[in-house]
Amino acid sequence: MKIRPYAQNDEERVMDILERRDVFNPVEIEVAREVLQASLLPREDVEYYAFCAVDENEDVRGYVCFGPIPMADGCYDLYWIAVDREFAGRGIGGRLMRFAEEFAEGEGVRRIYVDTSSTPGYQAARALYNKHGYRRVCCLSDFYRLGDDKYIFMKEIGKEGRQGP
């Protein structure tokens, strides 16, 4: 499995992965499409970075999308991470997450944040974040809808981020 930059011809496959996960609603999937398209802008205009995990045949098995948080010094958001459900549990999500962290650290980032839902469908995502050293730093009750809280996870990365207060 290798990780390479997302390309326009990956869109259909990534959208298929998101739809087949049975977690994301149509609005979320459309937002994912918009963010992926924005990741293809010229580098000086980039707001998002997107990368795909591909097998030896260049078949997309998962993807990650992340980028700088506007007006926050040294902080990135992990916007999307998804793995084809047929390949879940094989370490692809963890490899994508580590790739994003290493990329961000190379950019001088000190913290990565990730937002997720409190609903049962996002349990696997929350477990992945916990497994890789992210800690829940915030809960916004009834954020997405009644009974669907927003959890914000954070991980300190880079030399500056690990020094503490």
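**Entry 1: helix 2**

I take a residue as buried when its relative accessible area is under 20%. The model I examined is a predicted one. With that cut-off I went through helix 2 and recorded Ile-29, Ala-32, Val-35, Leu-36 and Ala-38 as buried. I recalled that an α-helix has 3.6 residues a turn, so residues three or four places apart point the same way. I then looked up what the buried residues of helix 2 pack against, and found helix 1 (11–20), strand 2 (49–54), strand 3 (60–68) and strand 4 (75–83).

I checked the length of helix 2 as well. Its 13 residues, 26–38, should span 18 Å at 1.5 Å a residue, and the end C-alpha atoms lie 19 Å apart, which agrees. At the start of helix 2 I noted that a side-chain oxygen of Asn-25 comes to within 2.9 Å of the backbone nitrogen of Val-27.

I traced an open sheet of seven strands with mixed pairing, in the order 1-2-3-4-5-7-6. Strand 1 (2–5) and strand 6 (135–145) are at the edges; each has a single partner strand, so one side of each lacks a neighbour in the sheet. Ignoring direction, I found neighbouring strands of this sheet turned by 25° against each other on average.

I then looked at how the helices lie on the strands. Helix 2 packs on the sheet and touches strand 2, strand 3 and strand 4, with its direction at about 70° to that of strand 3. Helix 4 (residues 123–131) lies across strand 4, strand 5 and strand 7, and runs at about 160° to strand 5.

**Entry 2: strand pairs and hairpins**

I went through the pairs in turn. Strand 2 and strand 3 are antiparallel over six bridges, with Cys-52 opposite Tyr-63 in strand 3. These two strands form a hairpin with five residues between them, and Glu-58 in the turn has a positive phi of about 70°.

Strand 3 and strand 4 run antiparallel and are joined by seven bridges; Gly-67 stands opposite Asp-77 in strand 4. Their hairpin has six residues between the strands, and there I noted a positive phi near 65° for Met-71.

For strand 5 (residues 111–117) and strand 7 (residues 148–156) I recorded antiparallel pairing over seven bridges. Tyr-113 has Met-154 in strand 7 as its bridge partner. Strand 6 and strand 7 are also paired in the antiparallel sense, over six bridges, and Cys-138 stands opposite Ile-152 in strand 7. Two residues separate strand 6 and strand 7 in their hairpin, where Gly-147 in the turn has a positive phi of about 80°.

**Entry 3: nonpolar cores**

I looked up the largest nonpolar core and found 24 residues; Val-64, Phe-66, Leu-78, Ile-81, Ile-112 and Tyr-129 have the most contacts inside it. At least two residues of this core come from each of strand 2, strand 3, strand 4, helix 3 (92–106), strand 5, helix 4 and strand 7. Helix 3 gives the largest share, five residues.

Leaving out residues up to four places away in sequence, Phe-66 touches Tyr-48, Tyr-49, Phe-51, Tyr-76, Asp-77, Leu-78, Tyr-79, Ala-100 and Phe-103.

Key
Residues are numbered from 1 along each chain as its sequence is written. Side-chain values use heavy atoms; hydrogens and water are left out. Helices (H or I, at least four residues) and strands (E, at least two) are DSSP runs, numbered from the N terminus. The expected span of a helix is 1.5 Å times one less than its number of residues. Buried means under 20% relative accessible area, exposed over 50%, partly exposed in between (1.4 Å probe, protein chains only). Contact means heavy atoms within 4.5 Å. A polar contact is a pair of N or O atoms within 3.5 Å; within protein, one must be able to donate a hydrogen and the other to accept it, and residues adjacent in sequence count only if both atoms are side-chain atoms. Two strands pair if DSSP finds at least two bridges between them. Axes are lines fitted to C-alpha atoms, for helices over the stretch in contact, and angles run from 0 to 180 degrees between N-to-C directions. A nonpolar core is a set of buried Ala, Val, Leu, Ile, Met, Phe, Trp, Tyr and Cys residues joined through side-chain atoms within 4.5 Å.
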